[in-house]
Amino acid sequence: MKKFPCIISFLFFLFCVVSISAQTLDGPVTTIFDDLQLSGYGKGQVIVNQSSAIRNMIGARMHGANVEKTDNETYLKIQGFRTQVFSGNNQRKSKDEAFRKEKEIKEMFPDVPTYVTYNAPFWKLRVGDFRSHEEAYHMMRLLMDAFPSYGKEMYIVKEEIKIPLN
């Protein structure tokens, strides 16, 4: 009876080692189309007719016209929404005010990306990378609750956003 827990422990250890080694094997990269066209006992035959452009796009998650790479991050650039918190055209004060408000927002919401931009003659502060208007609206409500004095300037803008792929 004492051998039963030892046998179970050994089998569990063996299962873990086999599953870890199966995940680290470096073989040729296959796509779903390659797997579909493999023949075997008890499998049907699948013929996929497609252009080579489609086949080249499959499995290329980190490549393409909409992908932007930095040192250690990869982003997909798509149309989305941001919450605009500030816009000013006073050349003496607007830049400092945009960066001051950005710092305050970063202290309260450190995980939310902020963007200070200059598009002559306006300095703008926009917050977030949201796929839907509802997500941007939710962030705007949180910002209005945290910073009531900014509320009259806030609204939602449609803009190209960056979604992390890593």
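This is a predicted model: local features need pLDDT of at least 70, side-chain atom pairs count only at pLDDT 80 or more; totals for chains, interfaces and linings use all residues.

Q: What is the average pLDDT of the protein, and what share of the residues score at least 70?
A: The average is 81, and 77% of the residues score at least 70. Over residues 20–27, though, the pLDDT is below 50, and that stretch has zero contacts in the model beyond near neighbours in sequence.

Q: Why does threonine 74 count as buried?
A: Buried means under 20% relative accessible area. Threonine 74 comes in at 9%, so it counts as buried. It lies in strand S2, residues 74–88.

Q: How far apart are threonine 74 and proline 164, in sequence and in space?
A: They are 90 residues apart in sequence and 5.9 Å apart in space, going C-alpha to C-alpha.

Q: And aspartate 129, why is that one called buried?
A: The cut-off is again under 20%, and aspartate 129 has 18% relative accessibility, so it counts as buried. Its place is in strand S4, residues 122–130.

Q: What makes the pairing of aspartate 129 and arginine 82 a polar contact?
A: A polar contact needs N or O atoms within 3.5 Å, one able to donate a hydrogen and the other to accept it. The side chains of aspartate 129 and arginine 82 are joined at 2.7 Å, so the distance meets the cut-off. The side chain of aspartate 129 also reaches the backbone nitrogen of lysine 162, at 3.5 Å.

Q: Which residues does aspartate 129 touch, not counting those up to four places away in sequence?
A: Phe81, Arg82, Pro113, Tyr115, Ile161, Lys162 and Ile163.

Q: Which residues of the largest nonpolar core touch the most other members?
A: Val85, Ile105, Phe109, Val127, Met139, Leu143 and Met154, out of 19 residues in that core. S2, helix H4 (94–108), S4 and helix H5 (133–146) each supply at least two residues, and H5 gives the most, with five. As general background, nonpolar side chains in soluble globular proteins tend to be buried together.

Q: What does leucine 143 touch, leaving out residues up to four places away in sequence?
A: Thr83, Val85, Ile105, Phe109, Val127 and Met154.

Q: What share of the protein's 166 residues count as buried?
A: That's 27%. The accessible surface comes to about 12,400 Å², with 58% of it belonging to carbon and sulfur atoms.

Key: Residues are numbered from 1 along each chain as its sequence is written. Side-chain values use heavy atoms; hydrogens and water are left out. Helices (H or I, at least four residues) and strands (E, at least two) are DSSP runs, numbered from the N terminus. Buried means under 20% relative accessible area, exposed over 50%, partly exposed in between (1.4 Å probe, protein chains only). Contact means heavy atoms within 4.5 Å. pLDDT is the predictor's confidence in each residue, from 0 to 100. Accessible areas come from the Shrake-Rupley method with a 1.4 Å probe; for residues, only the protein chains shown count as cover. A nonpolar core is a set of buried Ala, Val, Leu, Ile, Met, Phe, Trp, Tyr and Cys residues joined through side-chain atoms within 4.5 Å.
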